[in-house]
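This report covers one structure, region by region. Please keep the sequence and the model in view.

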Amino acid sequence: MGYNVGLLGLGTVGTGTAKIILDAVGRHPLLETVSISRVGVRNLDKARDVKFADGVLTDDLDAIVADPSIDIVVELIGGVDTALKYILAAIAHGKHVVTANKAVISRHGDEIFDAANAKGVYVMLEAAVAGGIPVLAPLKQALGVNRINRITGIINGTTNYILTRMKDEGADFAAVLADAQHLGYAEADPTADVDGLDAADKIAILASLAFGGRIQLDDVSCEGIRKISAADIAYAKNLGFTIRLLAIACGHRPDSGAMPDEIELRVHPTLLPAHHPLATVEGVNNAVLVEADPLGEVMLYGPGAGEGATASAVVSDIVSIVAALGTETAQQASADNPLLRWDRDSYIRVAPMADLVSRFYVRILTQDRPSVIGHIGMTFGQHGISLESVVQIDVHDRGAEIVAITHEVREGEFRKALDELLTLDEVSDVPSVLHVW
Ligand SMILES: NC(=O)c1ccc[n+]([C@@H]2O[C@H](COP(=O)([O-])OP(=O)(O)OC[C@H]3O[C@@H](n4cnc5c(N)ncnc54)[C@H](OP(=O)(O)O)[C@@H]3O)[C@@H](O)[C@H]2O)c1
């Protein structure tokens, strides 16, 4: 039996996907049953890396999603509104869907999965999180027999590239960002990456899978890397830490082991001890660390983007669907394989950041007076916050720079102490506050 794929988009990922499908030799044997019957693009005159028979390439995407001969529609056009329109239309026509689009899933996943489950079709999205690294399939399958307690990811390659170069070169954020844009590692509009929004989309998807419920994207607390300075990177390094943009989902389960009532869900730069496995993830690479009971810690690491890597994840989803369909008779093709389906009914409650308990790194600009450190320590102490280390790093004509790392404290209490710190005569500014692992 053969299966027809309709590809929407022939850009970076679409081209990589077509290359794998058109060159199936030596790969999974099920790929031999897959053909690309239509490919939808915007501009028919553009030069392409892959060649198709006449009539395969079209700019009529509506015709692809309605084509009765197509079994699986692969959405690789990106964006939100147009992608959503074609995904829903494909589902309405009874097609299975594969997408690499985290933005559309994190915003409209509920609507998409409700429609897919009602219609009895699969929607697969391995490539939407961590590019080529298999993460969603392991969470649904091999890791899914564990109780997942925490997922911590470096799931945005652009910010990891920028932070790696800032550390290696002692360079400032703006200079590295400009160079990353020049080299094609960052978009002309870098907002989604550097402000943590892309990582927020992805951790929302991971949390939904790991903790068995729906996530409101607005519930993900999100802080990017724009405010990280070369000074913070250098001070962190001297103190034995590496700064990484982490996306974290974790929940405390009741004794019964049932799903947690509430989870923490956040994206923010974090000082990681230099020996932590995620601190060793450099450049554009991604990694996802899963803490699972009874398995323990598993780190999935590799290329989080790129033509071939992302296409590998897309095609793995196509093969999973083909494998599932091959075990069903035509009459009962109802997409009910529990290892592939996505069933989430109720929303997961997300704890406010004020309740988070964490250590903090804080950089304080002060006047150069002997009493300053004492006053800072006293202000924190009045809020029950003890300091793990305090270092007066730099003294210059504008005053002194003090870097402190706290012991664990509730974030709400820590923020109150910071507000009070800023009222002290000797304190002129608190330019950096970062979470510490
Ligand atoms: N690039 C990566 O490494 C990567 C990694 C993980 C996930 N993703 C996700 O994969 C998806 C695709 O990314 P990409 O990098 O491959 O994008 P891309 O290179 O910009 O390609 C987009 C493709 O979609 C077509 N297209 C866009 N809007 C269209 C419309 N309205 N009608 C018809 N065709 C349209 C374009 O047609 P033309 O060719 O005619 O312009 C192009 O072929 C996105 O959701 C992205 O977030 C990408």
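## The parallel sheet

Strand 1 (residues 3-8) pairs with strand 2 (residues 34-40) in the parallel sense, over 6 bridges. Strands here are DSSP E runs of at least two residues, helices are H or I runs of at least four, and both are numbered from the N terminus. Two strands count as paired if DSSP finds at least two bridges between them. Tyr 3 stands opposite Val 34 in strand 2. This is a predicted model: local features need pLDDT of at least 70, side-chain atom pairs count only at pLDDT 80 or more, and totals for chains, interfaces and linings use all residues. Residues are numbered from 1 along each chain as its sequence is written.

The open sheet has 6 strands in the order 3-2-1-4-5-6, with parallel pairing. Its edge strands are strand 3 (57-58) and strand 6 (123-124), each pairing on one side only.

Helix 1 lies across strand 1, strand 2 and strand 4 (72-75). Helix 1 runs at about 160° to strand 1. Axes are lines fitted to C-alpha atoms, for helices over the stretch in contact (C-beta atoms, placed from the backbone, within 7 Å). Angles run from 0 to 180 degrees between N-to-C directions.

Helix 1 (residues 12-22) also gives the largest share of the shell around the ligand, 3 residues. In total, 23 residues surround the ligand. The closest are Gly 9, Gly 11, Gly 78, Ala 100 and Ala 305. By class, the shell has 9 nonpolar, 12 polar and 2 charged residues. Ala, Val, Leu, Ile, Met, Phe, Trp, Tyr, Cys and Pro count as nonpolar; Asp, Glu, Lys and Arg as charged; the others, Gly among them, as polar.

## Leu 84

Leu 84 lies in helix 3 (residues 81-92). Leu 84 is partly exposed, because 19 other C-beta atoms lie within 10 Å; buried means 20 or more, exposed 12 or fewer, and partly exposed in between, with C-beta atoms placed from the backbone. Leu 84 touches Val 104 and His 108, not counting residues up to four places away in sequence.

## Strand 16

Strand 16 (residues 399-406) is largely enclosed by the rest of the structure, because 6 of its 8 residues are buried. Strand 14 (residues 357-366) pairs with strand 16 in the antiparallel sense over 6 bridges. Leu 365 stands opposite Glu 401 in strand 16.

Strand 15 (residues 387-396) also runs antiparallel to strand 16, joined by 8 bridges. Val 391 stands opposite Val 403. A hairpin of 2 residues joins strand 15 to strand 16.

Definitions and conventions:
Two residues are in contact if their C-beta atoms, placed from the backbone, lie within 7 Å. A residue is near a molecule or strand if its C-beta atom, placed from the backbone, lies within 6 Å of it.
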